[in-house]
Amino acid sequence: MSDADAPHDEHDDHAGHDHDHGDHAGPGYSTPQAAIEESEREQLAYVMGLYVGTDVDAPDFLGVVDVDPDSPTYCEIVDRVEMPNRGDELHHFGWNACSSSCHVEGLERQHLVIPGQRSSRIHVVDTKDRRNPEIIEVIEPEEVFEYDLSAPHTVHCIPDGEIMLSMLGDADGELPGGFLLLNDDFEIEGRWDPPGEVEMNYDFWYQPRQNVMISSEWAAPQTYYPGFDLDDVEAGKYGRKLHVWDWEEKEIRQTIDLGEEGMIPLEVRFLHSPVSTHGFVGAALSSNVFHFYEQDGEYHADKVIDVEPREHDDWDMPVPGLVTDLLVSMDDRYLFFSNWLHGDVRMYDVSDPANPRLADRIWAGGNFGPRNPIEGERDVFGGPQMLQLSLDGERLYWTTSLFSTWDEQFYPEEGKQGSVMLKADVNPRKGTMELDQEFMVDFGDLPAGPARAHEIRWPDGDCTSDVWM
Amino acid sequence: MTAPPDYAVTLEWEDGRTADLSVAGDETVLAAAEREGLGLPFGCLTGACATCTGQVVAGDLVHRREPRALKPRHLDAEYVLLCIAVPRSDCRVRVGAAIQRELVANPWK
Ligand code: FES
């Protein structure tokens, strides 16, 4: 019996234990539970470092951060892979292979695909030597524009060894966006979707066993690139919809309008269990979290968490939380999300995904958190932003930069002083978090000048890149 | 057809630094600055992202394709996208990362 024929049980609690993985030969772990049990503690983190849009005359880089407490270089950026050009705005990145291709013999989770959000250039970095990765391939913007696409965002490996990227605009930075496919030699294979199927695009997550993908909406690149303008919101230029795709047919089968409370839905995370049809999406601007799920053959999305705006002495209008990133722990028990403008990161118990329960939260930086969350260390300007959790769910890390132009608008000091990477120790049994007072990675102190820090990945898979068949 | 003449373009940074640039023919200001190793900020190079925004203090610059990243109010205020802007006279232009920040303010503050 092939895996695709394995019996599906909607209510199978977790992790596809019914799923026969005797033929596991490719990259990743056979199940989410195996990822938790078999993985070792993360020792290195790959973190995007940015100079785009500043007066520092240097290209963006992939930072290699030592996160091994037993290492003499703990908390240091031990290597930087400089991109060949300036102006990329490295943003989100992904692996060439993940657990979804655990049946593809010979494939390895070894290459990072690193797009430039502003440049539309796509880099491939070989991490065979984990501490000294190197660029092996660059796809130039002109090659991307040939498919009438620009502004690459989310990178996901897909089960057959190919790599898919959400593209937020057309060659001119206008709508519509779409999806670009790379083959396993890192060449552009073409568009994944029929052109015009989607207008706005942002993040996407697929569940191959359910034959479903869900994509979200930011705006046209020409709208969000220069900065956040309320006039654009009023003109309807920002997204508020989720698109439910037939994964095999590559067609949208349903569009869900999240309404006024679902403005700018960004990161989409299905639960990791391949039998689950539940997931979450954070609506950044309206500062809500929606639970989406399948029922009677259709997808539904309900608002389950509402972050109230807060009054601030220096602001004319109440400050929204701005839910910019969220992730689900590998055991599907906890949801974490960041309120970038408020300055907190929250942990919810989502054992019942329709009724998340606030378990704990930490304040650090932002507009309401302590400017100096770690005594004796430097000030923190932005709020918690991109999150990454260890596979065992015990360590939550985050960086503080969102997007260069938006950072400049909301946290001008961040560009001058650089970002930090912070960490919380998580107790999944008690549902608590504590800021690690010994951990800070300072992106403000680099040879070329202070850098912004963005997404974080582990070499052995993480809670925001691995999908299971 | 005669080639367009070279123009003298003076770049002015917020910190008081200036640089004189000779912009050849139909060259963009950004390309000329890159040629001289002056390191101005840029991103998309297609007129969509505004990372390369400057502001004209004196002189005449035209965009050689649509400046999508600028709104009418920005164009009225003499902001230009240096990745697609070519001079039509000698010019003085405010440059550097700080200029882009002037385009959009924090809307809640
Ligand atoms: S570099 Fe993007 S508009 Fe000039």
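**Salt bridges and the A–B interface**

Q: Which side chains does Asp26(B) or Arg88(B) meet in a salt bridge?
A: Asp26(B) and Arg88(B) meet each other, at 3.3 Å, N to O. A salt bridge here is a side-chain nitrogen of Lys or Arg within 4 Å of a carboxyl oxygen of Asp or Glu. This is a predicted model: local features need pLDDT of at least 70, side-chain atom pairs count only at pLDDT 80 or more, and totals for chains, interfaces and linings use all residues. Side-chain values use heavy atoms, without hydrogens and water.

Q: What does the pair of Asp26(B) and Arg88(B) tie together?
A: Parts that are 62 residues apart in sequence, since both residues lie in loops of chain B.

Q: Is Asp26(B) buried, exposed or partly exposed?
A: Asp26(B) is partly exposed, with a relative accessible area of 42%. Buried means under 20%, exposed over 50%, partly exposed in between (1.4 Å probe, protein chains only).

Q: And what about Arg452(A) and Glu408(A)?
A: Their side chains meet in a salt bridge too, at 2.9 Å, N to O. Arg452(A) is buried, at 1% relative accessibility. Glu408(A) is buried as well, at 8%.

Q: Switching topic: how many residues of chain B are in contact with chain A?
A: 27 residues of chain B, against 35 residues of chain A. Contact means heavy atoms within 4.5 Å.

Q: How many salt bridges cross that interface?
A: The rule finds 9 between chain B and chain A. One of them joins Arg73(B) and Asp231(A), at 3.7 Å, N to O.

Notes
Residues numbered from 1 in each chain as written. Chains lettered and ligands numbered in written order. Helix = DSSP H or I, 4+ residues; strand = E, 2+ residues; numbered from the N terminus.
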